[in-house]
Amino acid sequence: MPTQVAFVAVAGMFTFLAMIWMVGRSRLARVRAMAGSDGDRERLERIVAETSAEVARLRERVQVLEKLVTDDDRKLADEIERLRRDRGDDIRG
């Protein structure tokens, strides 16, 4: 039985390493395809710059949306509490 467990462990490690190797080759192939046949460095730099700019814009939008969501919740909760105090009783009944 221990021989079978060792075999399964070795086979699992081999499979894991093969998957890592295939993912790395796939990423390298994508980078080479984007660069063109002659390895156009300027094209890659432009793609990276455009992607970085888009990520920065999206981060700013997410920050604004997070602020709107959290601020509106606090304002709404404060307004409900103010109305409860002004009315002098519990709105729930």
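I looked up Glu 81 to begin with, and found a relative accessible area of 36%, which counts as partly exposed (buried means under 20% relative accessible area, exposed over 50%, and partly exposed in between, with a 1.4 Å probe and protein chains only). Before going further I note that this is a predicted model, in which local features need pLDDT of at least 70 and side-chain atom pairs count only at pLDDT 80 or more, whereas totals for chains, interfaces and linings use all residues. I also note that residues are numbered from 1 along each chain as its sequence is written, and that side-chain values use heavy atoms, with hydrogens and water left out.

I then asked what Glu 81 pairs with, and found a salt bridge to the side chain of Arg 84 at 2.8 Å, N to O (the term covers a side-chain nitrogen of Lys or Arg within 4 Å of a carboxyl oxygen of Asp or Glu). Glu 81 and Arg 84 are 3 residues apart in helix 2, so about one helical turn separates them. Arg 84, at 23% relative accessibility, is partly exposed as well.

Next I checked Asp 86, whose salt bridge with Arg 82 brings the closest N and O atoms to 2.7 Å. These two residues are 4 apart in helix 2, again about one helical turn. Asp 86 is exposed at 56% relative accessibility, while Arg 82 is partly exposed, with a relative accessible area of 34%. Salt bridges with shared partners link Arg 82 and Asp 86 with Glu 79 in one network.

Elsewhere in helix 2, which spans residues 41-87, I looked at Glu 50 and Arg 46, which lie 4 residues apart, about one turn of the helix. Their side chains form a salt bridge at 3.6 Å, N to O. Glu 50 has a relative accessible area of 45% and is partly exposed, and Arg 46 is likewise partly exposed at 45%.

**The chain as a whole**

How many salt bridges does the structure hold? I recorded 4.

For secondary structure I recorded 2 helices and 0 strands (DSSP runs, numbered from the N terminus, with helices being H or I of at least four residues and strands E of at least two).

On burial, 1% of the 93 residues of the chain count as buried. The chain exposes about 8,700 Å², of which carbon and sulfur atoms supply 62% (areas by the Shrake-Rupley method with a 1.4 Å probe, where for residues only the protein chains shown count as cover).
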